[in-house]
Amino acid sequence: MDFLVLQRIIDDDGDDDDVDDDRAIDRLRDYRPPPTNYDLVPLSRRAAVLVLLYADAKGDLRVVLTIRAQTLSSYAGQAALPGGRADTLEETAFQTARREAREEIGLPDLNQSFPRPFSVEHLCEFPANLARTEVVVRPCVALLHSYDEETGENADPEVSLIPRLDAREVAAVFTAPFHNFLRMRDADDWGTEDPTEWYEGSWTGWHQSNWRMHQFFVPINSRSVVKPRSSSQMQKRAADELEEKEKAGEVTRYRVFGMTARILVDVARVAYGEDPEFEHNSHFGDEAMIANLRKMGRLSAVRKATDELTQETMQKAAKLS
């Protein structure tokens with residue numbers, strides 16, 4: 001899996017938003033997460049996701065997301081960040097995230113070269129999140145550079161890098177404006193019928209405390225959505241059905257929710273140094289709960305298909321705090 005290389009020059013309009021996005025990247029470079037439990041849990045419990053940011057032709061930061069294939073055994077058809085399980089104990093979270101991004105969206109791995117002028121910078125990592133399936137997920141944030149300081153060559157990632165997808169895992173790749181994950185409505189220039197359809201949120205019980213569940217509805221734009229063409233008849237039918245629903249207007253937005261939405265909100269909070277327009281939890285990740293579950297003997301090396309956190313387990317873990 002690789003990238004189709006084209007070429008396009010981007011004009012720099014000197015917009016103030018570009019300055020905000022530059023500061024956002026600097027804040028992420030400077031962010032230092034607290035000690036993590038990620039390296040303390042067994043290999044079978046480790047996973048990492050890649051929050052891949054890039055500047056579009058206007059200089060605005062966008063983030064890369066995927067729609068998981070319908071053929072997957074877990075979270076099929078849901079929006080997600082590129083990522084997956086660790087392969088070895090020696091593999092770092094960032095190495096895991098990059099390897100999985102190569103497998104899912106064709107992003108060159110750490111040991112592979114990029115077509116010029118592109119490169120990826122590892123900005124930071126965020127506190128680990130806890131999935132209901134008892135997997136510890138480490139978010140890794142990276143920036144896709146599209147400007148070569150030595151040659152002055154500049155390119156638009158949305159045009160110059162078109163991923164050839166692994167249809168076994170991904171039904172679609174799409175992008176969304178990063179700053180908008182702190183907002184309650186569509187960006188002003190999207191031209192959608194109802195800009196308030198962007199965000200919905202509610203409070204629920206999780207980890208024995210009130211938990212804000214975020215849902216974002218990203219408008220589908222053919223320019224920023226790429227879909228695979230698979231030799232698998234089952235996957236091809238699933239991709240064709242999704243495309244037919246989009247063309248018929250039955251699916252006009254992709255829903256980003258759950259852990260993926262929470263990670264994006266947390267990373268955007270640090271990047272832009274501001275609180276979201278909606279209610280949210282103040283802390284990042286689930287490090288305290290992961291530590292308590294380890295004390296209880298949970299998150300063991302032997303992982304069962306039936307592993308799933310129950311309310312009773314969470315109550316016991318919460319009492320250890």
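## The chain at a glance

What share of the 321 residues in the chain is buried? In this predicted model, buried residues account for 50% of them. The fold is built from 7 helices and 14 strands.

The largest nonpolar core counts 46 residues, and Leu28, Leu53 and Val256 have the most contacts inside it. Helix H5 (residues 258-272) supplies the largest share of this core, with 9 residues. There's also a second, separate core of 34 residues, with Phe94, Phe114, Ala128 and Val170 among them.

Leu53 is worth a click in the viewer. Setting aside neighbours within four places in sequence, Leu53 touches Ile25, Leu28, Leu61, Arg62 and Val63, along with Val141, Ala142, Leu143, Leu144 and Phe178. That list takes in Leu28, another of the residues with the most contacts inside the largest core.

## Where H6 meets H7

Now for a helix pair. H6 covers residues 287-295 and H7 covers residues 311-318; their axes come within 9 Å and cross at roughly 95 degrees. Angles from 65 to 115 degrees count as roughly perpendicular, so that is how H6 and H7 sit relative to each other.

On the H6 side, Met289, Asn292 and Leu293 make the contact, while H7 brings Thr313, Met314, Ala317 and Ala318. Sorted by class, the contact has 5 nonpolar and 2 polar residues, with no charged ones.

Technical notes: Residues are numbered from 1 along each chain as its sequence is written. This is a predicted model: local features need pLDDT of at least 70, side-chain atom pairs count only at pLDDT 80 or more; totals for chains, interfaces and linings use all residues. Side-chain values use heavy atoms; hydrogens and water are left out. Axes are lines fitted to C-alpha atoms, for helices over the stretch in contact, and angles run from 0 to 180 degrees between N-to-C directions. Helices (H or I, at least four residues) and strands (E, at least two) are DSSP runs, numbered from the N terminus. Angles under 35 degrees count as roughly parallel, over 145 as roughly antiparallel, 65 to 115 as roughly perpendicular and the rest as oblique. Contact means heavy atoms within 4.5 Å. Ala, Val, Leu, Ile, Met, Phe, Trp, Tyr, Cys and Pro count as nonpolar, Asp, Glu, Lys and Arg as charged, and the others, Gly among them, as polar. A nonpolar core is a set of buried Ala, Val, Leu, Ile, Met, Phe, Trp, Tyr and Cys residues joined through side-chain atoms within 4.5 Å. Buried means under 20% relative accessible area, exposed over 50%, partly exposed in between (1.4 Å probe, protein chains only).
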